[in-house]
Amino acid sequence: MGRYVARRLLLMIPVLIGASFLIFWMVYALPGDPIRALGGDRPLPPAVVAQLREDFNLNDPLLVQYAKYVGGLLQGDFGTAFNGRPVIDTITQRLPVTIRLALVAIGFEIVIGILAGILAGIRRGSYFDNLVLVSTTFVVSIPVFVLGFIAQYTLGLKLGIFPIAGVNEGLYSYILPGLVLASLSLAYVARLTRTSLAENVRNDYVRTARAKGLKPSVVIGKHTLRNSLIPVVTFIGADLGALLGGAIVTESVFNIPGLGRAVYDGVRNQEGVLVVGIVTMFVFFYIFFNLLVDLLYAVLDPRIRYE
Amino acid sequence: MSNREPDFGGAPSVTAAPERPEEQKAAETAVAHVGGALRQTSLWSDAWRQLRRNPFFVVGGLMFLTFTAMAVVPKLFTRIDPRACDISNSAQGPSADAWFGYDVYGCDYYANVIYGARKSMSIGLITIIGVLIIGLVVGALSGYYGGWTDSVLARITDVFYGLPLILGALVLLSVLTTRGVWQISLALIVFGWMTAMRLVRATVVSVKEADYVQAARALGSSTRRVLSRHILPNAVAPLLVYSTIAVGGIIAAEATLSFLGIGLQRPAFSWGLQIDASQNRLRDAAHLLLFPSLFLSLTVLSFILMGDALRDALDPKLR
Amino acid sequence: MADTTTILEPGTGGGSTAPVLEVDDLHVEFRTDRGVVNAVNGISYTVGQHETLAILGESGSGKSVSAQAIMGILDTPPGFVTHGAIRFRGDDMLKMPAGQQRKIRGPGISIVFQDALSSLNPVFTVGHQIAEMFRAHRGTSRQEAKAHAIELMERVRIPAAAQRVNDYPHQFSGGMRQRVMIAMSLALDPEILIADEPTTALDVTVQAQIMELLKDLQRQTGMGLVLITHDLGVVNEVADRVAVMYAGKIVETGNIDEVFSLPAHPYTEGLMASVPHAETKGTRLHPITGQPPNLAAIPPGCSFHPRCPRARFGDLALPGRECAHDVPPLREVLPGRESACHYSEELLDG
């Protein structure tokens with residue numbers, strides 16, 4: 001197990017380097033003027049442009065640029081927005097909000113998704129199973145922002161159950177946006193759990209468990225479930241990326257003052273540095289989270305530990 | 001064909017069993033993948049028969065055809081010019097003259113929504129083709145050659161996996177000056193090819209040790225031929241299922257990017273843009289949100305329905 | 001409840017000669033989209049203490065299905081038991097409530113499957129899976145159950161059992177894994193052990209070891225052993241009696257040496273003739289002509305008649321014994337031997 005952990009840690013490093021280099025390359029190395037790319041159409045006097053070129057090390061060779069860029073990142077310097085505010089300040093200020101939203105969403109995803117999937121999977125063809133299948137199909141088809149508006153309109157505006165914007169009511173205000181954010185992922189998790197369970201139930205070792213005279217609840221709950229959840233766990237890890245992208249949309253629809261909203265505003269205001277900085281942070285977080293998922297995977301599936 | 005249970009009529013009683021059952025299972029899977037023309041055609045004809053009878057596929061397929069028609073020949077659905085706007089009609093609701101009402105500029109909304117199909121479907125088509133090309137090439141090379149090639153390509157794939165689709169596309173599009181159909185497709189391809197690659201690679205790896213592949217190689221077939229004629233046809237079914245569902249996701253992604261302002265730009269017709277524009281008129285002009293949302297969702301739904309039905313029809317285990 | 005030390009004591013040999021397991025006129029069908037498949041069409045057999053019954057048949061003969069029906073692991077749907085009884089110590093299991101049936105499986109009747117790798121749960125240690133038998137059926141504590149598991153692993157001759165008890169199935173070789181399965185099935189000292197093709201997936205040398213192990217264990221415990229296989233060589237050394245199955249029916253039963261040396265059914269005769277011997281090296285092989293029957297469309301009359309070299313049709317057939325029309329009953333043709341052929345006597349004489 002120790003070797004597995006070490007291997008995954010080691011493998012994470014080139015991915016971090018590669019991903020950060022990819023972002024860096026897109027912004028600074030593609031043909032065109034990075035300043036203009038980051039700043040959009042805003043008119044900048046030549047003196048400012050020259051200063052910015054100096055700040056971004058654009059006069060250095062590419063690899064040196066990258067090295068300084070990474071050096072900055074490691075020290076927490078994610079750049080400075082055109083409005084003068086260091087990106088790291090925006091990050092530290094808004095991160096807790098986004099984390100709360102993400103946790104609520106992941107909570108919904110896991111609890112509702114897996115539960116629905118289990119109930120549907122063990123009763124294949126039943127009313128509930130068909131209900132889950134149909135509803136998840138619809139949810140998956142509706143983009144997050146559309147769902148957000150619908151939810152905001154019906155549950156917020158018309159029925160008044162949830163606040164339609166902001167985080168003024170504490171954790172309660174995270175429920176609707178969290179649910180909306182989780183919706184797509186939740187639907188996938190439910191379907192995946194359902195399929196995985198239904199497939200695993202036909203496995204030989206489940207047959208053995210029955211032949212051993214074990215109770216049906218043990219056969220399903222212990223023998224089948226753990227094996228079935230393995231792909232689900234993997235999915236949840238990979239899905240965080242979609243969740244982060246969805247957070248941008250959800251926070252903008254529900255006007256939640258998190259990092260997602262900051263990205264949205266940054267795009268609108270042509271604050272390229274802010275956008276890139278926050279996205280970079282998201283990416284690091286995502287890669288690290290997937291490492292944790294990989295480790296959890298090894299806990300669930302012993303075969304992996306000895307690879 | 002299994003050498004576990006010989007035909008009782010002829011084989012000797014003591015069988016030479018394989019070393020490990022897992023190898024046998026893998027071999028049997030490969031044999032089940034037998035690329036004989038006979039076996040493939042029976043898979044497809046059986047699948048088609050099953051699909052025809054599947055109401056979800058039929059409904060999804062009809063919707064797909066409708067939206068495709070909308071994209072290719074919008075004039076079939078409306079004669080009205082979506083840019084012929086009269087500001088005095090601003091944000092009016094549906095009526096007999098304007099089925100979907102008018103947008104904030106007084107343009108006929110029905111026409112706008114119909115024309116919105118084209119860019120979405122185009123991006124969907126271009127992106128999936130790009131994804132499949134890259135996925136096939138990288139996946140086939142990685143799976144077939146293994147070793148260093150595989151390791152390097154796998155690491156590169158991991159790096160790209162580290163950048164989620166929306167986030168990566170966001171960064172790329174924010175540094176591009178124009179944001180048209182091709183740029184958006186490029187962004188989605190660059191950050192979306194990895195799943196197709198893994199699918200192809202998995203297929204190649206599982207099939208390349210099969211007997212008929214070894215036979216082809218022994219007969220001197222070039223790598224390209226072995227891959228294209230013997231190995232990759234096995235990937236067609238899973239890739240087809242994946243592609244169908246993926247196009248739905250691509251269209252949703254484009255709409256999301258346009259909604260965020262980083263995708264298609266005004267005055268292009270895009271459901272994402274239309275939904276974005278409808279945001280602050282939710283209270284009094286809900287129709288502005290409703291119709292593009294409906295069309296967008298139904299389009300994505302059509303792909304999902306077809307994809308699900310295809311998966312069920314082509315999955316040998318469910319037969 | 002049973003003393004937990006009984007696993008190490010030899011079974012009380014002798015005792016009653018009443019069969020422990022009795023399968024009576026069992027019918028199993030599979031209802032599929034493409035029609036009904038008659039997998040088992042009225043088979044009956046008994047197994048008592050110390051006995052080894054071999055059920056011999058090719059794939060598709062229905063031999064595994066009857067075992068699955070006994071162990072309650074028939075895929076339902078599409079499989080259904082449509083007729084018959086399965087009696088354990090006189091009580092029909094098919095008529096018992098599910099909870100009662102479960103109490104028999106494991107402690108009373110146990111099964112060993114062919115592919116130990118897929119039949120063992122990959123995410124639990126072998127020790128855990130063996131110990132589960134004790135914990136689930138007898139409420140034994142974890143520690144005690146684990147100790148029992150180690151004892152059982154030693155009994156099936158797995159070296160370094162005390163360390164290997166914490167290993168996972170994929171860390172064992174094929175033969176060792178099969179021993180784990182056997183240990184698991186023996187845990188609660190069952191009176192009947194069903195071995196469904198236990199050695200088919202193993203190397204030849206390992207096959208012999210496993211069969212020897214099963215035989216030794218049987219001698220120690222006195223349990224009845226049902227050996228399901230298609231492998232004639234394996235069966236010869238180990239079984240007392242044999243039941244030959246074809247197309248879901250038993251076509252011949254009897255003492256194994258007698259049946260093999262002088263078959264009473266053309267199918268068995270064909271099997272014996274098809275086995276190559278060292279003496280016949282260099283001569284042609286004699287397979288049974290034709291194909292096994294499609295169980296969704298079993299031939300009328302005697303299901304073997306299309307392939308039978310001794311079949312009699314039309315004028316050549318004796319009244320009531322037209323092979324394509326009259327179903328031959330399984331009848332006693334010699335003391336202790338049964339055969340389902342209209343013309344068994346001819347076979348036995350000539």
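**Figure 1. Chain A of the predicted model contains 13 helices and zero strands.** This is a predicted model. Read along the sequence, the pattern of chain A is α-α-α-α-α-α-α-α-α-α-α-α-α. The C-alpha trace of chain A spans about 80 × 55 × 30 Å along its principal axes. Chain A has 307 residues, and 45% of them are buried. Take the contacts in chain A between residues at least 6 apart in sequence: 74% of these join residues at least 24 apart.

**Figure 2. Helix 4 of chain A and the residue just after it.** Helix 4 of chain A runs over residues 62-74 and has 13 residues. At 1.5 Å a residue, helix 4 should span 18 Å.

**Figure 3. The contact between chain A and chain B.** Chain A gives 37 residues to the contact and chain B gives 33. On the side of chain A that touches chain B, six elements of chain A give two or more residues: helix 1 (2-29), helix 6 (127-141), helix 7 (144-158), helix 10 (216-253), helix 11 (259-268) and helix 12 (272-300). By class, this side of chain A has 29 nonpolar residues, seven polar and one charged.

**Figure 4. Chain B has 13 helices and zero strands.** Along the sequence, chain B reads α-α-α-α-α-α-α-α-α-α-α-α-α. Chain B has 319 residues, of which 46% count as buried. Among its contacts between residues at least 6 apart in sequence, 69% join residues at least 24 apart.

**Figure 5. Helix 3 of chain B crosses helix 4 of chain B.** Two packed helices are described by the angle between their axes and the distance between the axes. Here, helix 3 covers residues 55-72 of chain B and helix 4 covers residues 109-145. Their axes come within 7 Å and cross at roughly 100°. The two helices are therefore roughly perpendicular to each other. From helix 3 of chain B, the contact takes F67(B), T68(B), M70(B) and A71(B). These meet I114(B), A117(B), R118(B), M121(B) and S122(B) in helix 4 of chain B. By class, this contact has six nonpolar, two polar and one charged residues.

**Figure 6. A71(B) in helix 3 of chain B.** A71(B) has 20 other C-beta atoms within 10 Å and is therefore buried. Leaving aside neighbours within four places in sequence, A71(B) is in contact with A117(B), R118(B), M121(B) and S122(B). The C-alpha atoms of A71(B) and S120(B) are separated by 8.3 Å. Along the chain, A71(B) and S120(B) are 49 residues apart.

**Figure 7. An open sheet of eight strands in chain C.** Strands of a sheet pair through backbone hydrogen bonds, either parallel or antiparallel. In this sheet of chain C the pairing is mixed. The strand order is 6-7-8-3-9-10-12-11. Strand 6 (109-112) and strand 11 (331-334) of chain C are the edge strands, and each pairs on one side only. From one strand to the next, the twist averages 25°.

**Figure 8. Strand 9 and strand 10 of chain C pair in the antiparallel sense.** Strand 9 covers residues 241-246 of chain C, and strand 10 covers residues 249-255. Six bridges join the pair. R241(C) has N255(C), in strand 10 of chain C, as its bridge partner.

Methods:
Residues numbered from 1 in each chain as written. Chains lettered and ligands numbered in written order. Predicted model: local features only at pLDDT ≥ 70, side-chain atom pairs only at ≥ 80, totals over all residues. Axes fitted to C-alpha atoms, helices over the stretch in contact; angles between N-to-C directions. Helix = DSSP H or I, 4+ residues; strand = E, 2+ residues; numbered from the N terminus. Parallel < 35°, antiparallel > 145°, perpendicular 65-115°, else oblique. Contact = placed C-beta atoms within 7 Å. Nonpolar A, V, L, I, M, F, W, Y, C, P; charged D, E, K, R; others polar. Buried ≥ 20, exposed ≤ 12 C-beta atoms within 10 Å, placed from the backbone. Expected span 1.5 Å × (residues − 1). Pairing = 2+ DSSP bridges.
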